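Thank you all for coming. Could everyone please bring up the sequence and the model together, and keep both in view while I talk?

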Amino acid sequence: MLDEWSHNMFQTDPMRIYRAKRDASHRGVTSKYTILGFISSGTYGRVYKAQSVDCDGMVYAIKKFKPDKEGDVVTYTGISQSAIREMGLNKEISHANVVALKEVILEDKSIYMVFEYAEHDFLQVIHHYSQTLRIQIQSMVLKPMVYQLLNGLVYLHSAHILHRDLKPANILITASGVVKIGDLGLARIIYQPLQPLFAGDKVVVTIWYRAPELLMGAKHYHKAIDCWAVGCVFAELASLRPIFKGEEAKLDSKKNVPFQRDQLLKIFEVLGTPDEKDWPGVRDTPEYQSMKRLDPYQNRLAEWCQSRIRSPHGHDLLRQLFAFDPDKRLTAKDALTHKWFQEDPRPTWNVFQYIPVHQLPPQRRITQDEAPSMMGVPAPTQAQSQPHIPPAHAHGQQSKPGSTTSFTSVSAGGAHVSGNQGGTARKKTKIG
């Protein structure tokens with residue numbers, strides 16, 4: 001009698017019925033996407049290039065987070081803080097200059113984040129110009145790269161999101177020449193946070209792009225750290241090498257943050273040693289006494305810019321992004337209206353617009369994954385692994401960013417630009 005009652009309850013329990021239907025309709029990663037190849041790996045897991053099996057055939061980047069492993073047994077112990085942040089923030093944002101998250105799939109104790117695909121990143125472009133072309137990035141290419149980066153950052157900051165890890169490897173470019181800010185794994189909401197930003201994240205931003213207030217041990221910081229990082233990226237694009245390439249002092253056994261002497265010296269050698277007139281709050285930073293023991297330097301940023309940026313307005317933009325006092329540092333919103341972007345050549349929607357075909361950077365290289373991968377997916381054919389995407393310049397894009405109805409809009413409903421469309425015609429618009 002009891003067995004019959006249990007059977008009836010099982011058949012009529014709404015939650016059991018719902019779960020059964022949900023599980024029956026669930027589609028796994030490889031039933032929705034064909035894996036084209038392996039892109040890269042990191043502490044979080046691995047990234048793959050994939051193509052939708054649906055009729056649109058769109059290409060995506062799938063980020064697979066590693067499950068914990070005890071010996072040969074995969075165990076599921078929860079989701080990392082970084083993955084939770086990245087999923088939560090990406091679900092809520094939409095803008096042309098920020099990488100879009102399509103969906104999140106939980107399968108076989110692993111988490112898969114499906115992002116729009118981008119063929120290039122800033123680091124790859126820097127390498128292409130420095131190692132292959134052996135020329136500087138021309139102003140007509142450099143300017144839209146910096147402008148679109150700032151435009152995406154304005155959107156994030158208007159949504160109270162601090163990126164906290166802007167660097168060339170995290171800034172992507174689609175085949176149609178649109179810049180996309182990616183990797184929000186370290187990002188934080190800064191509007192009424194539940195705990196101080198310093199709590200749980202003593203070290204943020206890769207060392208070469210880390211703002212001086214962080215290097216000086218400040219416990220409180222704000223959006224200005226991202227603007228300093230933009231200055232570092234701008235300078236690296238202009239010179240094809242990091243402007244402040246210091247050696248990082250590692251955390252000690254008690255996880256104490258050390259004084260970053262070498263990194264600060266690299267900054268002071270270019271920008272000079274700050275004093276209380278430049279940065280009134282420097283005296284209150286934990287590392288102030290350590291800084292005072294360093295040899296003093298004079299500011300030589302103008303000299304540095306002379307052969308690299310060759311524009312007084314470009315030098316001025318970099319100078320303001322490199323203000324020592326975070327409260328006086330140029331904001332992303334104000335940087336967008338800087339005079340450097342209003343002098344010719346104006347920034348364009350397509351960063352590749354004026355690059356000759358033979359100078360275009362190659363598409364992102366993918367490999368066939370040799371490690372245990374996406375559940376035994378067969379190796380793709382040559383045609384699958386390198387789908388043809390026509391260069392954007394062939395579509396005659398002539399528009400320039402800055403339209404108040406498009407690129408500079410920072411509303412949550414900002415335009416979404418797919419990284420897989422070879423080039424979409426846009427109206428001609430100018431900034432200013």
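This is a predicted model: local features need pLDDT of at least 70, side-chain atom pairs count only at pLDDT 80 or more; totals for chains, interfaces and linings use all residues.

Residues are numbered from 1 along each chain as its sequence is written, and side-chain values use heavy atoms, with hydrogens and water left out.

Let me begin with the strands. When I say helix or strand, I mean a DSSP run, with at least four residues of H or I for a helix and at least two of E for a strand, numbered from the N terminus. Two strands count as paired if DSSP finds at least two bridges between them. By buried I mean under 20% relative accessible area, by exposed over 50%, and by partly exposed anything in between, using a 1.4 Å probe and protein chains only.

Strand β3 covers residues 59-65, and it pairs with β7 in the antiparallel sense over 6 bridges. Within that pairing, Phe65 has Ile111 of β7 as its bridge partner, and Ala61 is partnered by Phe115 of β7. Strand β2, residues 45-52, also runs antiparallel to β3, and 7 bridges join the two; here Arg46 has Lys64 of β3 as its bridge partner. β2 and β3 form a hairpin with 6 residues between the strands, where Gly57 takes a positive phi near 60 degrees.

The hairpin of β6 and β7 has 2 residues between the strands, and Asp108 in the turn has a positive phi of about 50 degrees.

Now to the glutamate. Glu86 lies in helix α4, residues 81-92, and it counts as buried because its relative accessibility is 2%. What does Glu86 contact, once its neighbours within four places in sequence are left aside? Taking contact to mean heavy atoms within 4.5 Å, the partners are Lys63, Phe65, Met113, Phe115, Asp183, Leu184 and Gly185.

Asp183 counts as partly exposed, at 29% relative accessibility, and it has a positive phi of about 55 degrees although it is not a glycine.

Next, the helix pair. The axes of helix α6, residues 139-158, and helix α8, residues 224-239, come within 10 Å and cross at roughly 165 degrees. Such axes are lines fitted to C-alpha atoms over the stretch in contact, with angles running from 0 to 180 degrees between N-to-C directions. The crossing angle therefore makes α6 roughly antiparallel to α8, a label used for angles over 145 degrees. The contact is made by Leu142, Met145, Val146, Leu149, Leu150, Leu153 and His157 of α6, together with Asp226, Cys227, Val230, Val233, Phe234, Leu237 and Ala238 of α8.

The aspartate I mentioned is Asp262, which is placed in helix α9, residues 261-271, and is partly exposed with a relative accessible area of 23%. Asp262 and Glu248 are 14 residues apart in sequence, and their C-alpha atoms are 7.3 Å apart in space. Apart from its neighbours within four places in sequence, Asp262 is in contact with Gly246 and Glu247.

Last come the backbone details. Most residues other than glycine have a negative phi, and most peptide bonds are trans. Arg134, found in the loop between α5 (122-133) and α6, has a positive phi of about 55 degrees although it is not a glycine, and it is exposed, with a relative accessible area of 63%. A cis peptide bond joins Asp344 and Pro345, with omega about 0 degrees, and Pro345 is placed in the loop between α13 (332-336) and α14 (382-385).

Methods
Angles under 35 degrees count as roughly parallel, over 145 as roughly antiparallel, 65 to 115 as roughly perpendicular and the rest as oblique.
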